[in-house]
Amino acid sequence: MSNFAINLLKSKMNILFVFKEMQDINLGAMYLSSALKRRGHRVEAVPADIMFLKKRLKGAGPVVLAYSTIAFYADFYLDFNKQIKKEFSVFSIFGGAYPTAMPDMVQEDGVDAVCLGEGEDAFVELADNLEAGRDYSHIKNLWVKTGDHVEKNDVRPLVEDLDIIPFPDRELFWQRSPFYYDRLNMITSRGCAYACPYCFNNTLSRIYGERRYRRRSVENVLQEILSVLSRQEVRFILFHDDIFVLRPTWLEEFAREYPRRIGIPFSCYVRIDLITNEIASYLKKAGCHSVCFGIESGDDKIRNGIFRRNMKREDIVSASRLLKQYGIRMRTTNILGIP
């Protein structure tokens, strides 16, 4: 029996999400935290500071270290985790975009498990099994390393009804991020209906299949906002959906209810080729301050031939003029240094 397993028999488990940038709100971790706390597990966000974490781990009992990472931070977290594991018997799990795309990172020293895709149910099952001393090697969505063997489990089906998922645990970053003073970050959907070749959504398509886009009800979204407004002042909301305007009927209802019950200016992401007069009018009615969309390249051949965006320069310009007519500000994303 490992030292970690022995410790589990002695006391309750602590789950620590480790972040290099504590000021950046991580919605994925907040959703996981809500699911874990609902099951009675203790969850905390901590900075990726070696000295801080060493003090935090002394006498803490059994601990799970959780890292949510993109490619940019993966090497940093792997090295950080190795340093901690040299001194402490903790269970380390990696999740997020990079581990989902590169699950073989479970072979790295110090990594005990990797979570692929959406992890609420998988992480709760892992925490439950660890705390009860049960086998955790066959949990769907997880690749688990036991000795020299890696158990590569399949993913479970996506949750179709997003309304049943608890609201993200905003206390995880409470007063740690300056964004919390007057700004609210949230998401109303999961997945994307498009397949741009440079985007992480292609990885999700390979894992889950084509049907991966789901959306919360307007009422569920409003209830989350109202729950936050009952505790803090919010002056601006950022919706992080890949494409906020993907379903016009949803947007029509949102444009009717949101200004009446919330009325806070917001920003969102759109696809510029989906902007019609109807869509722009809904955004204006709802109180949209600004939108962000990808042009990626000013050259039609690169944008459409390489990036497969399937949108002409004239269409981008005409849709942008339409947004400007409605007084909606615009930001664009672009990719430089194409090979």
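Helices and strands here are DSSP runs, numbered from the N terminus. All views show a predicted model.

**View 1. Asn141 in the loop between helix H6 and strand E6.** The loop joins the two elements named in the title, with helix H6 spanning 120–132 and strand E6 spanning 142–146. Asn141 is not a glycine, yet has a positive phi of about 85°. Because its relative accessibility is 0%, Asn141 counts as buried.

**View 2. Glu296 in strand E13.** The strand covers residues 288–296. Glu296, also not a glycine, has a positive phi of about 70°. With 7% relative accessibility, Glu296 counts as buried. Most residues other than glycine have a negative phi.

**View 3. Phe76 and Phe80 in helix H4.** The model holds 22 aromatic pairs. Among them is the stacked pair of Phe76 and Phe80, at 6.2 Å centre to centre and 25° between the planes. The two residues are four apart in helix H4 (residues 71–87), so about one helical turn separates them. Phe76 is partly exposed at 30% relative accessibility, whereas Phe80 is buried at 3%.

**View 4. Trp250 and Phe254 in helix H9.** Trp250 and Phe254 form a stacked aromatic pair, 5.2 Å centre to centre with 10° between the planes. They lie four residues apart in helix H9 (residues 248–261) and are therefore separated by about one helical turn. Trp250 is buried at 8% relative accessibility, and Phe254 is buried at 0%.

**View 5. Arg215 over the rings of Phe244 and Trp250.** The charged end of Arg215 sits 5.1 Å from the ring centre of Phe244. For the ring of Trp250, the distance from the centre is 3.6 Å.

How values were computed:
Residues numbered from 1 in each chain as written. Predicted model: local features only at pLDDT ≥ 70, side-chain atom pairs only at ≥ 80, totals over all residues. Heavy atoms only, no water. Buried < 20%, exposed > 50% of the residue type's maximum accessible area, 1.4 Å probe, protein only. Phe/Tyr/Trp six-rings, centres within 6.5 Å; stacked < 30°, edge-to-face > 60°. Lys NZ or Arg CZ within 6 Å of the ring centre and 35° of its normal.
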